[in-house]
Amino acid sequence: MTEAPVIEARSLGKTFILPRGGLFEARRSVIAVEDVSFSVSRGTTFGIVGESGSGKSTVAKMLLKLERPTSGTLWAEGQDIFAQTAAQERAYRRMVQTVFQDPYGALSPRMRAGRIIAEPMRAQGTDRATAKAKVAQLLEIVGMQPEAASRYPHEFSGGQRQRIAIARALSVDPRLLVLDEPVSALDVSVRAQVLSLLQEMQARLGLTYIFIGHDLAVVRYLSESVGVMYFGRLVEIGTARQVLRRPAHPYTQRLVALAAAKAPLGAARLQGELPNPLNPPSGCLFRTRCSYADALCAAKRPELREASPDQRVACHHHEAIAAGNKAETGPLLQPA
Amino acid sequence: MGPFILKRIGQTLITLLLLTILIFTLARLTGDPTPLVMPSEATDADRTFFREQYGLDRPLHEQYLVFLRNILSGDFGVSFRYREPAMNLVLAAIGPTLQLAGLSMLLAIIIGVPLGIAAALRQGSWFAAIVRGYAGLGQAMPSFWVGLMLIMLLSITLPIFPSSGYGGVANFVLPCVTLAFFASASVTLLTWANMTEAMRSDFVQMERVLGIPNRLIVLKHALRNASLPIVTYLGLQFGLLLGGAVVTERVFAWPGVGQLVVEAILNRDFPVVQASVLLTAVLFMTVNLCVDLLYAVLDPRVSA
Amino acid sequence: MTRVAALNASSWWSLRLRWRRRTGRPRLPVLSMALCILLIFAAVAGGAIAPFAPDEPDFTAILAPPFWMEGGSTMHLLGTDQLGRDMLSRLIGGARVSLLTAGAAVLVAGTIGVALGLIAGYLGGLVEAAIMRVVDAFLALPFILMALAFVSALGTGIGNIILVMILTNWARYARLVRSEVVSIKKRDFVLLARVAGVRPMAIALRHVLPNAMTSILVLAVLDIGRAIILESSLSFLGLGIQPPDVSWGLALAEGRTYMSVAWWLTVWPGVAIVLGVMSFNLVGDWLRASFDPRGVL
Amino acid sequence: MTLATDNGSHQAFLGHQPIGRRAVAGGLIATALASGLGGAKTAAAQGKPPLVVAAGTDIITLDPCRIAGGNDYLFFANVFEGLYSHDENGRLAPAVAESHTVSPDGLKYEFVLRSNARFHNGDRVTAEDVRFSWQRAIAPETRNPRASVLVANIADVEVLGERRCRVLLKARDASFMENLGEYWYIISKRHAESAGEAAFERQPIGTGPFAFVERRIRSHIKLRSFDEHWGRVPQVGEVTIKIIPDDQSRLAQVQTGESDLVINIPPVLAAPLQRMPDLKVIRAPSFQNIYVAINALGGNPILAKSEVRRALNMAIDKNILLRTVMLGFGTAQDLPCSPGLLGCDVSVQPYGFQPDKAREILSKAGFEFNKPLRMVGQGSGRVPQARETLQGVATFLNRIGIKTEITMLDYGAWIAVYGGKEKDPAVDLIFANFTDYNSDPSGRLLRSMRTGASYSWYSNPEVDALLAKMNDFSSPEERASFLHRLFAKLHEEAPLIPLWSTDSIYAASRTIKWKPTPNVSWPVLWNVEKAG
Amino acid sequence: MHRETSPPILTVKDLTVAFGPMERPARAVAGLNLTLQPGEILGIAGESGSGKSTLCNAIIRTLPRSARVGGEVRYDGRQLLALSEREMRGLRGSEISMVLQNPMTSLDPLFTIGNQVDEVLRERRRQGQSNDQVTAIGLLRRVHLTAPELRLRQYPHQLSGGMRQRVLTAMATAATPRLLIADEPTTALDASIQDEILLLFREIRDRAGTAIIIVTHDLSAIRRLSDRIIVMYAGRLVEEGPTATVFSAPRHPYTRALLDSLPQVEGDTVTLKAIPGQVPNLAELPHGCAFADRCPVAIARCRTEDPTEMQLGLRHRAFCWLADTAS
């Protein structure tokens, strides 16, 4: 373990400033991400799980340098990516690529597939002929015919488009892929195709993945370790096996319960409403919906603490919960 | 809502400032008004005196600053031609123009909105094709041509309406019809397009599966949703009407701003050009500001 | 200062679907497209197909009526004007000037507007604010008023009329493109291009522009009709094209005084304008319907 | 006192209400509709029919000392008078004065005023008013732009009695009597002084056959018959002059019966009108003179040669142009003046239409046929058919092989080129029109022929010397023969291509009987008769 | 729960919906048969393009005009396809109701929730389908919307997706319809909210005996909610049966493949099996079974002959030549 992690987030935070609500009102701000730290080592997948608005996509944007963090730092192979020289940034652009959720929006509708795939290479200075040869190779890797290069995105189905998006991401031989819900918009059977492709790629090319998703089964399929986000904060982090099998945080427990195939309807009903991002609750952000919440939760925001050797959790009461509720969560997704 | 208005007003003010530069430069670029204002017998001394009197001999930027200072104190200068304060001439002319543009707008809405709705509900029918033809013609026929034809037809061949002039109710008919023909064409098309879109929206689909009567769906929900872009467009249309009035006013000898400004431009009557163009622009911008505010009233999402 | 609907919602995929569905029933668009092509052909071929030079007077055949009327001859199918010039040739010559002015104006105004709109939309911030305020100032003046002011400032003649139409038109393109850019630049493929390390200028030209092109094209086609009308209105007010050049608007304006003596002097150019504008509008509308379900430009 | 803002006095026009009810013409065009205008009552009270006139261009000023252009005479000629003016046949005739005598040296004119000459407010015209009118006309603060023509040459006006005055000239001026009617209007001293400068322009009082009632800028002017006039009592009661710039719309006014008389009908509209039974076209020769000025100032050296200019004259068939372009509404001219002008009725040999000879002369003179002549025209129209005219001229030049390049300018740009201080050497030929206000040619000659004059594109010291002497006569006969020689010289020099003088064309309803005063371009309305 | 003896509330017979040119039609629904008992919850599963939404729209007759519909849809004995638009409108909302996929756009953004709920209530009362005791607040309470008084005054954009879907459900069930069609009602929602909306549907059925058709590509939603399931592929019904049976012992290879493509956890490893190939183009369907090209067990006959219905047990049938042999 002497090698520096491929990517490491240290207390990453992002606050968005909103326009003034009124002339005399103060500017309001929304904390999208707060104090998120994780590190991912080579060849593994780190999954980030959360519902909409949990800040997981903002983390992805920061990893891709599309957003600047307002606090904390992001380190890639030992280098602070927000303190890079132009040359280092170019190198980073080669190192990191991404696949987005929407297979329709991710491909420029006026470009042929070949050009789309070649674009990152061309932007990095690869010459036309080399790029062209590589496109054919990449198409083959993602399981498509080389003729596809001359077609436009609308001529492909959703799954095929996502394959093209993956080919494009792979074109510059990245070491890290940020996968932001890459299969959420796909049909079940296509989803399976793309997931197997991703897994195959990782095995073949030794890639590191950051996989963002809300479907626990899918995250579990790819990830070695998982972080669970709620309202911009990591509430639980650890190995996928441990976190998704024996969740320590009440929120994770709910998520896992909901995903359980045989769980009856309403088994994991959450009380209360989502907190208002403009006016978050004091202390633990989850306390408004948590049945274990008490005065401590309202007073003090819990820090991540070790819950098991493979697992850290931000809950004041996780020991008590673990002791009392072992039976509540079964194994995730029994075969049908 | 508050900051939205303030921002819009701020933008409007900056735009106005730019506009004064634009108008001022344009007016000065038209050339020296002296030969147009002075008769041929005038001596060089007379001409020089004229230029000095109106400050036309000074450098342009100085003239602009004087102009700006004066309009800030409400002084738009005196018409070179009529020796009246320019703003008085413009104010006297703006009434007829507003009446003409306003009535035409009203007429255009009265014609265009129902036609557009009906066409949207009968997509692909003969009726829709006829409406399309009407709108196509309305957009393609230059309004001076329409005006002349109307005069030929309805005041010379069949003497029903007065051919020109301003005053009685009858005088309004031909100019308003001329302008409204053009304006109603685009109102029709716009209503049509937006109604079609509104009728395809999910909430209309939802209302249909809930068995809400068609009348309510069309007139309450679809129309109100379609009206948002229509209202915005009507604000822009008002500017087009003000512009269209320039030509229409000329055909019908309507004593409005359009005629005034054309005449003033041709005679290089800078103060009148500046005052009338500025006032028209302010009017147009005010209308659009109001439209934006109205939008905020109509659409609860804006004020959130 | 006002809202312009953007096309962002409709993906290229659904555009193609709609396109195909439309092409199943070609009627008016095909007709108007044919007319557009005919007009463009007349404009380009001009002298080669016209029976006479459009500005060649014949004092022996002043105000000759169209051929089917008493006193008309097949030599001048559509009659002659007050100087004995052949109306058909004048219409053909007029097509050239009318379309040339309209086309050139739209092309250049479009290019300028698109460039500024791209810059404003892409750079944002102070640059955007500055450009958009100038755009607003230009849009706050009624079109024809500004055209008049420009014409009287710059003088008449084809070159100046084109210049005037450019000056009065560019702002709308700028506004349209800016709003397109603002919506397109948030789309995933633009973000991905940034991730790929593509330079901003290349993103603007390769990703943003092609995707905004549809609405620009629609606006441009519709604008040709508008420009023809503007030119004829300016000519009507005596500030448009000047002889010996001939345009439809000028022919109409000149013939207007003869309306009660020789209807053909006003009717033919009028018909040419209406047909020309209508066919361009129909093509534009059809493009718009194929590309933009909202139909708001 | 300057011409600057006078804020107190625009009330009159702002406070005015829009014109009242408008009758809808439902019946025959011939039915002259009661105009329905507010002031009709006054007319009815007098028992005289009202007259509605449609004019194309608005009056600019109501103050005769501030005249801005020929069109203002539409107002002045009906509301004001000079000591002498021209009668309905265009001949010099006494007006406010009843007689005059001239001293032998031509420097002292003594006038006897009519005993029954009154201002519209009832005051009698006195010699003091005459003196005051002169003083106001030359006062530097008045800035009368026409002072240079007549009143500036007056050294003094002596009041010899209530009705007698003597005008002392600084130098002999043979045009003095002719110009009295159009360049020196008599105004009321009492009214001008009591009303003040500003109010005078809004409520002018003169001695003419019509009195001013009200004005709405760009809309209309109302006059009423001044029944106490010394001799020219109008047949109509109230006169409304509507301003309708568009020709077609203006003409429609008389077709629909909304107006009785339409002025400034372009020839093309007049031609078909002649066939309409309910209307009549009234035409009268005018002093509006159409020609093409040749830039003889050396910008294009070949045009400095008089034989080249003569050849250009020969190349053009003005009769065909007159017939086709003007539809015959005008009189062809071979001299640089209108036929009624003093000294112009000389019998010189016209150049005639000789294209072959023209070509021959040009070739001999070394004319470069390949170098186009640059022509400047008046594009938008104050002058009817201006565009067609220049195009027609160009066509005839083309026929003898001369290439042409036409630029049409709007009126403002055209006048800046035509009347500019520096004549543009890039202009070879320029469309021009000149209107004399009376039959004296001195104004025209001094402004369009003299070296350096505003409308002159020609320079010849010989001609300049003649022009300097032009008005230095006291015998009309001597002056006439001098002018004759001058015009003959100018004809030979051919500084321009004369085309024609246009007719003033009016359209009137059948109920109107009127003979316009010849040679003036504006209507003098006191002799209009209107039936029932 | 099922009243097997009672007459079905809905019978669909040989329903075919075609689009596109006559000579080369794309059959979004091809010869589909199904019945629905009162109070039964039927889940329709399938991937996008399988024709499940078209089926719903055909039942409630909201297909675009370009659609050509054949066959029979009997609701309570009445042939819906033969009703006039006016008669159909009388049924919609009161007898047959529907909840659409996208709660974000299914409410008119310009009117308050109260206004829109009232509108539906007024219409129901006008039809005599509802009495004055049913109030807007009551309706919102029934769908467990918090602070209903506040919600009535709010505009749609002020509500979250889950709340909007509750409002829409309340509106759709204001008159206690006997048939409720829910077209992908939870797809746009977060997992925790999905669960609650599904629960709400079950509650509606339990309370009022409403028959529900729920269309979704989310197999776990169907598994948890529905009594019976039909699986559609390329416009055809491929398998139908009681939910538990189909999930535990799927008989059609497509159903099996669909279930297999969900990640499976075996000990510490998670696996999934993807279906190779793609959904075929509806206008260019091959002969025989539409799934044959992707089917791991296809035989020659599958490519030449359309499979016929294979009855596999009580209310369990599949359209596959091998349905009885596969385990």
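Colleague: Where is B:Leu137 placed?

Modeller: B:Leu137 lies in helix 6 (residues 126–140) of chain B, a helix being a DSSP run (H or I) of at least four residues, numbered from the N terminus. This is a predicted model, so local features need pLDDT of at least 70 and side-chain atom pairs count only at pLDDT 80 or more. Residues are numbered from 1 along each chain as its sequence is written, and chains are lettered from A in the order in which they are written.

Colleague: Why is B:Leu137 called partly exposed?

Modeller: Its relative accessible area is 35%. Buried means under 20% and exposed over 50%, with a 1.4 Å probe and protein chains only, so a value in between is partly exposed.

Colleague: Which residues does B:Leu137 contact, leaving aside neighbours within four places in sequence?

Modeller: B:Phe181, C:Val274 and C:Met278, where contact means heavy atoms within 4.5 Å.

Colleague: What makes helix 5 of chain B oblique to helix 10 of chain B?

Modeller: Helix 5 (residues 86–121) and helix 10 (residues 214–251) of chain B pack at about 140°, with axes 9 Å apart. Angles under 35 degrees count as roughly parallel, over 145 as roughly antiparallel, 65 to 115 as roughly perpendicular and the rest as oblique. That makes helix 5 of chain B oblique to helix 10 of chain B.

Colleague: Which residues of helix 5 of chain B meet helix 10 of chain B?

Modeller: Among them are B:Leu98, B:Ala101 and B:Met105 in helix 5 of chain B, while B:Phe238 and B:Leu241 are included on the helix 10 side. The contact residues divide into 15 nonpolar, 3 polar and 1 charged.

Technical notes
Heavy atoms only, no water. Axes fitted to C-alpha atoms, helices over the stretch in contact; angles between N-to-C directions. Helix = DSSP H or I, 4+ residues; strand = E, 2+ residues; numbered from the N terminus. Nonpolar A, V, L, I, M, F, W, Y, C, P; charged D, E, K, R; others polar.
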